[in-house]
Amino acid sequence: KKIGFYAIPSRVIYEFDLTHSEHKIQSHLKRDLSYQKKSVLDTRILQQLTTVQLSRIHYLYSEIYIKKHSPLNAQYTLTFFKDMLDSGVMSCLVLQDANEFIHAFALLYQRGQTLVVPALGYDNEKDKNGLYRILFATIYSYIKQQKLYLNYSSGAGEFKRNRGGIPRLEYVYLKPPLHSKFRKFILSKLSQKLGSITIKKLIEMGA
């Protein structure tokens, strides 16, 4: 703000902090962890995927993020997934069966003790078997083992709150061109107008 940026509230994200103290396990999460232990799916964290596996996670991502939710979500390509893994920037957590067929995945990006999941996907046709619950329980088990802070992004707010996710209000900071008084005025008014938005209000609206 001191160097001319204006804060615009954008979304509610959810965090799970397991860096220091024991995280209180909510009843929903306890059931998920129990369900995960009974699952026949094998968990692996991979640094490289075959062409067939890359096509599979790309399909699962597109089915959930693009087809089920919104075409405005990031349109990640096969090349993106391959480059992120081959370069070592990210790794991929997969849930697979005895034939190594992937039923769910989560892309993992870690900086220090902070873990972000830029993309995930699961077989939507088989989700009646609780694939998303198992996937999150697997991610949770991983951050607990590694003592990480998980920034679990936005969306599915009720699901995340029921599992102990702490809501945080995320802002976008915008700076107008140096000599544009009009844009500075617009951003200033917009920032003031939206300054009354709270986490509670956004959650009531479905965040």
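Residues are termed buried under 20% relative accessible area, exposed over 50% and partly exposed in between (1.4 Å probe, protein chains only). The model is predicted, so that local features need pLDDT of at least 70 and side-chain atom pairs count only at pLDDT 80 or more, while totals for chains, interfaces and linings use all residues. Residues are numbered from 1 along each chain as its sequence is written, and side-chain values use heavy atoms, without hydrogens and water.

**View A. A nonpolar surface patch includes Ile-3.** Ile-3, Phe-5, Tyr-171 and Tyr-173 together present about 400 Å² of accessible area (Shrake-Rupley method, 1.4 Å probe; for residues, only the protein chains shown count as cover). Patch residues have over 30% relative accessible area and no salt bridge, with nonpolar side chains (Val, Leu, Ile, Met, Phe, Trp, Tyr) joined within 5 Å and like charges within 9 Å. A salt bridge places a side-chain nitrogen of Lys or Arg within 4 Å of a carboxyl oxygen of Asp or Glu. Ile-3 lies in the segment before β1 (6-17) and is exposed because its relative accessible area is 60%.

**View B. Strand β3 (residues 91-96) is mostly covered.** Strands (E, at least two residues) and helices (H or I, at least four) are DSSP runs numbered from the N terminus. Of the 6 residues in β3, 6 are buried. Ser-91, Leu-93 and Leu-95 point one way, and Cys-92, Val-94 and Gln-96 the other. In a regular strand, side chains alternate between the two faces of the sheet.

**View C. β3 pairs with β2 and with β4.** Pairing requires at least two DSSP bridges between two strands. β2 (residues 42-46) runs antiparallel to β3 over 5 bridges, and Leu-46 has Cys-92 as its bridge partner. β3 and β4 (residues 102-111) are antiparallel and joined by 6 bridges; Val-94 is partnered by Phe-105. Within the hairpin of β3 and β4, with 5 residues between the strands, Glu-100 has a positive phi near 65°.

**View D. The largest nonpolar core has 29 residues.** A nonpolar core joins buried Ala, Val, Leu, Ile, Met, Phe, Trp, Tyr and Cys residues through side-chain atoms within 4.5 Å. Ile-143, Leu-150 and Tyr-152 have the most contacts inside the largest core, to which α4 (131-146) gives the most, with 10 residues. A second, separate core of 17 residues includes Phe-81 and Met-90.

**View E. Gln-36 is found in helix α1.** Gln-36 counts as buried because its relative accessibility is 17%. Beyond residues up to four places away in sequence, Gln-36 touches Ile-134, Ala-137, Thr-138 and Ser-141 (contact: heavy atoms within 4.5 Å).
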